Amino acid sequence: MSSSQGRRGSLPGTSRDGEGGVLSRVTSSISQSPVVYRGKRAASEAATVTKKLLWSTGRAAWIAGTTFLVLVVPLIIEMDREQQMNELELQQASLLGTSSPSMAAPAPPK
Amino acid sequence: MGSSVSHAAAPPPPPPAGLAVALPPKAEEKSEKKVDYLNLPCPVPFEEIQREALMSLKPELFEGLRFDFTKGLNQKFSLSHSVYMGSTEVPSPSSGTIKVPTAHYEFGANFLDPKLMLIGRVLTDGRLNARVKCDLTDNLTLKINAQLTNEPHFSQGMFNFDYKGKDFRAQYQMGNNAFYGANYIQSVTPHLSLGSEVFWLGHQRKSGIGFAARYNTDKMVATAQAASTGIVALCYVQKVSEKVSLASDFMYNHMTRDVTSSFGYDYILRQCRLRGKLDSNGCVAAFLEERLNMGVNFILSAEIDHRKKDYKFGFGMTVGE
């Protein structure tokens, strides 16, 4: 309100007419003042920059995601399989390793 | 008492073999051995100077379905059948390359002998490939490479004569289109080998000379190549462990001011071989060969080009040794 009061002083001859005219002149002076105009332009530029930022973030996320999917995911899957096979072999080796001495021990007393 | 007898007869526990192997060997005299310059090892052939890098960074990516079947009839002779259905890139004058769906069946026969190797392939689109490798003497080898096509003026043939010396190799090439070339590579130290090549193209009256150097140890291979056609290529392969190796490659073309660099990994596991590559042209590629069974391999190939938005995926199977 105080800013509009100050603005009203800058436009001469606005306080002399009727009430409706004063209201419309006040709102038009507000909407045409330089500060509001600059504020609108700044807001639209900020919206454009934000939109571009979101768009390029989206593109970067897409490129990173598909690259990760093609390069890294098969590697993880294969390394996991290799590890499982190693564990299986270790288990089987330990199973076979413990069974043979226990079978050889009762044989010599014959 | 019976149990004590059985304990005495029980076999002694196995020695800690794993721990002994893990300790470094005491005789590390390899690094202090004096270099014998008269007994240098034979270098790799000139065209295989970048072999490790090419194997890791340039797998045979394809788009579509690929099926290969190899049947061995004999110890030396085998037949192969191969089906391919997919798109291939055809360079078109109007808009770069266009993808054309193609399908072909390829029949091939291989004869492998220690001294003679014959490979022939014939395709349903009218192409014939033939390769002959013959050891004329212990040191001299003749290689013939021919590709015949239906279209006129597209057939190619090349004769190579390779001579393998004690620590050098020399090669002489003769091809159709009046192509003559020669290259020579020599081991300079046990790790470093230097080579050079010259070629002459008769029909276009073009000639060129190139130089190459290769430095390899047990763990790494570094090569550099420069040619008068304006191409400089460097590559480096490091064997990180016995299953993993990493490779990187740099190529600069002076005529077209084109620079490409790529980086890739190569994992050789027991059941599969996985190669991945990342390029400076915005290309990401991966190639997986998975062993499903004895002699049955499953292949997956993926290539994504982010810059041109070109996506190629392929799958296939290879049956037979």
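The model is predicted: local features need pLDDT of at least 70, side-chain atom pairs count only at pLDDT 80 or more, and totals for chains, interfaces and linings use all residues. Residues are numbered from 1 along each chain as its sequence is written, chains are lettered from A and ligands numbered from 1 in the order written, and side-chain values use heavy atoms, with hydrogens and water left out.

Chain A. It has four helices and zero strands. Helices here are DSSP runs (H or I, at least four residues), strands are E runs of at least two, and both are numbered from the N terminus. Of its 110 residues, 10% count as buried. Buried means under 20% relative accessible area, exposed over 50%, partly exposed in between (1.4 Å probe, protein chains only).

Now salt bridges. Each one is a Lys or Arg side-chain nitrogen within 4 Å of a carboxyl oxygen of Asp or Glu.

Take Arg214(B) and Glu52(B). Their closest N and O atoms are 3.3 Å apart. Arg214(B) sits in strand 11, Glu52(B) in helix 3, 162 residues apart. Is Arg214(B) buried or exposed? Buried, at 3% relative accessibility. Glu52(B) is partly exposed, at 21%.

Next, Asp310(B) and Lys99(B). They meet at 3.0 Å, N to O. Asp310(B) lies in strand 19, Lys99(B) in strand 3, 211 residues apart. Asp310(B) is buried at 19%; Lys99(B) is partly exposed at 35%.
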